[in-house]
Amino acid sequence: MKIIYVDVDSLRPDHTGPYGYQRATTPNLDRLAERSVRFDNYYCSDSPCLPSRTALVSGQFGITNGIVGHAGDSARFRLESGHAPEPGRPTLAQALVRQGYRTAVLSSFAERHRAYHFNAGFLDTMQTTPDVGDEPADKVTDVAVDWIRRHRDVDDWYLHVTYWDPHTDYLQPAEWTERAAASGPAPEWPDQAAIDEHTRVYGPRSALDLHYAGAPRTNRVPHNMPDEVRTRADFEHLINGYDGAIMYWDHHFGRLLDALEEMGISDEVAVVVSADHGESFGELGSYAEHGLASEPVNHIPLVFFWPGVTDDGRQRSYDHLLYNIDYAPTILELVGAGEKPEKWQGTSFAPLLRDQEQEGRDHLVLGHGAHTFQRSVRTRTHMYTRTYHPGSFLAEWESLWDMEADPHQTENLLEKDPETVDRMRSMLLQWWHELAATPGALPDPMQISLQTGPTLYSDPVEFEAYLRRTGRTEAADDLAERLRPRNGAVPVSWHAQRPITLHWGRREAQRTGAED
């Protein structure tokens, strides 16, 4: 079987046609979906980019493979030294090579995130440009089509293609943003009242700090993004930029589908479209970012075309709760590779693709570790979130959301529904004990990284000082209180650029750092 995995960075499912979006953003994904199976409750086990793609190729949760974040001890892939792939724990590409597959990856992801384990098992590794991320979709498609054309007579191959659109910042030509604006009204939520509330939320990529990334930045693409989000007009400007990026990607994805038809192999190539994570647009006060273990961040699309299996003339969809760690064992089952590797933690959903009965999960555990340290439990009706470190963001320690009545996560039911809170707390604790507190288990990388927290994109101590410099004393005081550990330790500035004095009520702590 020839297989193409299309990995679209930051693609939120409810902004695509197969998932019912009101704007016509994805006509080419729509035509693929006509002969595909759509999965409605597919989530990345760990977000954002590095944890998600590591989980995808390793078949393991981040708490096991070692990568729950983007830097430091939260981003170290666990791999024993020795020869050949680690027994019982190959990557998906390594497992496919054992089955005689020609494997190739077209992505700068390994370079962008120093994630060289991601390339393990790929016989061909390609980049479109010397850049590490943000390569435009037209160039990605050109290289992908060239590789496919040169290998169209090979019986079995697997090609992983990463498209960076629509990752922030939205870099597509302005004409695509204009097309998005003309394609129909923007989503009704957030309304002006919600946006007004969001201006009180602090943190990088929040309404008032939309372009804060490591430090305050100027708007690189004013035709595609506003400077901040204070009004509905600002929000619509932002959504037009995001949707325009999706339309730009979809256009060039259409060129890929057209090339398969032109080569005469469209009925013998499996095409799977998904994402590493989604994107927030106002949920919990976060805009154009993937910084929380939330519904818009961890919920991702999955449109799955498999010749002879899904193209039965019916557009099928399933609402089973699935992880992206389930993808690798599904592919192995579909290619007839036998039992999944013993250390993979996902479960194949190939029976669903074949329209067979399969028992579903009653809940998922989802993590995030790049902008905050959080884990969430997602059932069919609720989401419970636990914050271990807020980073620089206004993140509550615990939250409970009724996802049916409140899909945008606006009302925290923590005090109103203690019975559900206790039940979902127990689910999280049981999951943690099974994976990190049994004989032979390695420490939870999120726990061993709490001293510094997630600091690669925003140092919380420096962000607190930034809030004070910009006159937001109340927000700065709130962040300082959240950063004060209950065990009496002092948060450490990762960048360590200058002496910092923190005043927390009656306590005062001073840290002296070296100059760059």
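## Two helices that cross

A crossing is left-handed if the near helix is turned anticlockwise from the far one by less than a right angle, and right-handed if clockwise. The crossing of α14 and α15 is left-handed. This is a predicted model: local features need pLDDT of at least 70, side-chain atom pairs count only at pLDDT 80 or more, and totals for chains, interfaces and linings use all residues. Residues are numbered from 1 along each chain as its sequence is written, and side-chain values use heavy atoms, leaving out hydrogens and water.

Helices here are DSSP runs (H or I, at least four residues), numbered from the N terminus. Helix α14 spans residues 460–469 and helix α15 spans residues 473–483. Their axes come within 7 Å and cross at roughly 160°. Axes are lines fitted to C-alpha atoms, for helices over the stretch in contact, and angles run from 0 to 180 degrees between N-to-C directions. α14 and α15 are therefore roughly antiparallel (over 145 degrees).

Contact means heavy atoms within 4.5 Å. On the α14 side, the residues in contact include Phe463 and Leu467. On the α15 side, they include Leu479 and Leu483. By class, this contact has nine nonpolar, one polar and three charged residues. Ala, Val, Leu, Ile, Met, Phe, Trp, Tyr, Cys and Pro count as nonpolar; Asp, Glu, Lys and Arg count as charged; the others, Gly among them, are polar.

## A second pair

Helix α6 (residues 137–150) and helix α9 (residues 232–263) also cross. Their axes come within 9 Å, at roughly 15°. That makes α6 roughly parallel to α9 (under 35 degrees). The crossing is right-handed.

Among the contact residues are Val145 and Ile148 of α6, along with Trp249 and Phe253 of α9. The contact of α6 with α9 has eleven nonpolar, two polar and five charged residues.

## A covered helix

Helix α2 covers residues 49–58. Ten of its ten residues are buried (under 20% relative accessible area, with a 1.4 Å probe and protein chains only). Among them are Leu50, Arg53 and Val57. Gly59 follows α2, and its phi is positive, near 70°.

## Cysteines without a bond

A disulfide is a covalent bond between the sulfur atoms of two cysteines. The search counts a pair of cysteine sulfur atoms within 2.5 Å. Across the whole structure it finds zero disulfides. Cys44 is in no disulfide; its nearest cysteine sulfur, that of Cys49, is 9.6 Å away. Cys44 is buried, at 0% relative accessibility. Cys49 is in no disulfide either. Cys49 is also buried, with a relative accessible area of 4%.

Notes
Buried < 20%, exposed > 50% of the residue type's maximum accessible area, 1.4 Å probe, protein only. Helix = DSSP H or I, 4+ residues; strand = E, 2+ residues; numbered from the N terminus. Parallel < 35°, antiparallel > 145°, perpendicular 65-115°, else oblique.
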